[in-house]
Every structure is written in C-alpha cells, then in structure tokens.
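Below is a short note for a colleague who has not seen this structure before. Please read the numbered points with the sequence and the model side by side.

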Amino acid sequence: MSEKLEQLGERQNALLQKYAHLLRGGFRGDYQHGLDAKGRLIVPAPFRNALGDSFCICMTPDFKAIAVYPRREWELYYCSLLELAEKDMRMIKIINLFTKYTYEDCECDGQGRILLPQKLRTRFLQDARDVDVSGCGSHICIKKQEEADLEEEKILEETPDILSFEAEIAAR
C-alpha cells in the first residue's frame, strides 16, 4: 500500500489525508427498513461497527431528516457550528435548535436496533413505517422512503449530466 501512495502525486496524497477519517469509518450505502411499533429501527450491519458502542441521534445538517453520528463525528460537526457562532452570533439560535434535537449516549440493543426518539420521529417521520437508511459519509441519514425517492429523482432531474457538472466545478 505504501508503494502505491508513494506513486501518487502530492495533490492526491493531500486529498487522501484530508478525508482519511471518512474513508476508514465513513458511511456508504442505502437500505430500506421498517420501524416497529415502538419506533425501533434495525441499524444495517455494515453501519454498526462504524457507529461504535455509543453514538448520537439528532437532525441532519439541513434539519430535514434524522441523523445518527458516531460520537467523534458529532463532536466535530458541533464544534464547526460553534466556530460559526464566533463569526456570527445568530448561529446560536441554530445551535440551540440542533442541540434541542440531539440525543447522546445512544446504543444498539442486542438485535442491532436503535430506538429513535419520539420527538425526532414525530418531526421527521410522522407515522411512516418504511424508512430509507443511507450513508452520508460522516453520518447515517434516516427519512421517509417516499421522501428519499423524491429527493433522488429531483437531484437527477436538476443535474441530468453529472459528469459535466463535476467538470464545471473542477474548472473553477
């Protein structure tokens, strides 16, 4: 492996180092699951190890779905919000809302399930039983299956030529 890294250019090595924590422990993949009557959700097996023994359940960064973060990733995100508040005190309201919906020290039960807090279920899932559980790099995103399907369709509709879009951004 180190021989291959030596063959990479300086820019490529810097990129790998910058995102190393996500490459090693990030969340990727998409799963459809159901919630049971008590609001428990089976955490997909590939996500369980990356979550660790204790994790945080909160809102996604866009405040549109439920997020599950490994403790360290949650801390990094929370600290990034605090840094923004140092630049603009209006961020305090956003931070307060984020922390209002943050539940720390959550764990999987013996069957690999998590109990989604009622406040989050009510706000984001209403009475949905089928949910989309997807990896978002630093965290897991949980939303109604219908919403996830619509969001994917919208992204592909808005960006029909993804490779051209990537090239346009890279050229900036």
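Is Glu168 buried, partly exposed or exposed? Glu168 is partly exposed, with a relative accessible area of 45%. The classes are buried (under 20% relative accessible area), exposed (over 50%) and partly exposed (in between), with a 1.4 Å probe and protein chains only.

1. Basis. This is a predicted model, in which local features need pLDDT of at least 70 and side-chain atom pairs count only at pLDDT 80 or more, while totals for chains, interfaces and linings use all residues. Residues are numbered from 1 along each chain as its sequence is written, and side-chain values use heavy atoms, with hydrogens and water left out.

2. The sheet. Two strands count as paired if DSSP finds at least two bridges between them.

3. Strand S4. Of the 5 residues in S4 (residues 66-70), 5 are buried. Ile66, Val68 and Pro70 point one way, and Ala67 and Tyr69 the other way. S4 runs antiparallel to S3, to which 5 bridges join it, and Met59 is opposite Ile66. The two strands form a hairpin with 6 residues between them, and Phe63 in the turn has a positive phi of about 60°. S4 also pairs with S8 in the antiparallel sense, over 3 bridges; here Ile66 stands opposite Ile142.

4. S5 pairs with S3 (residues 55-59) over 2 bridges, in the antiparallel sense. Cys106 in S5 is the bridge partner of Phe55.

5. Axes are lines fitted to C-alpha atoms, for helices over the stretch in contact (heavy atoms within 4.5 Å), and angles run from 0 to 180 degrees between N-to-C directions.

6. Salt bridges. The whole structure holds 11 salt bridges, each a side-chain nitrogen of Lys or Arg within 4 Å of a carboxyl oxygen of Asp or Glu. Arg172 and Glu168 meet in one of them (3.2 Å, N to O); Arg172 is exposed because its relative accessibility is 71%. Salt bridges that share partners join Asp36, Arg40, Asp109 and Arg113 into one network. Within it, Asp36 and Arg113 meet at 4.0 Å, N to O. Asp36 lies in the loop between S1 and strand S2 (40-42), while Arg113 is in strand S6 (residues 113-115), 77 residues apart. Glu147 forms a salt bridge with Lys144 at 3.7 Å; Lys144 is buried at 16%, whereas Glu147 is partly exposed at 33%.

7. The loop between S7 and S8. Gly137 is placed there. Leaving out residues up to four places away in sequence, Gly137 touches Leu22, Gly26 and Phe27.

Methods. Helix = DSSP H or I, 4+ residues; strand = E, 2+ residues; numbered from the N terminus.
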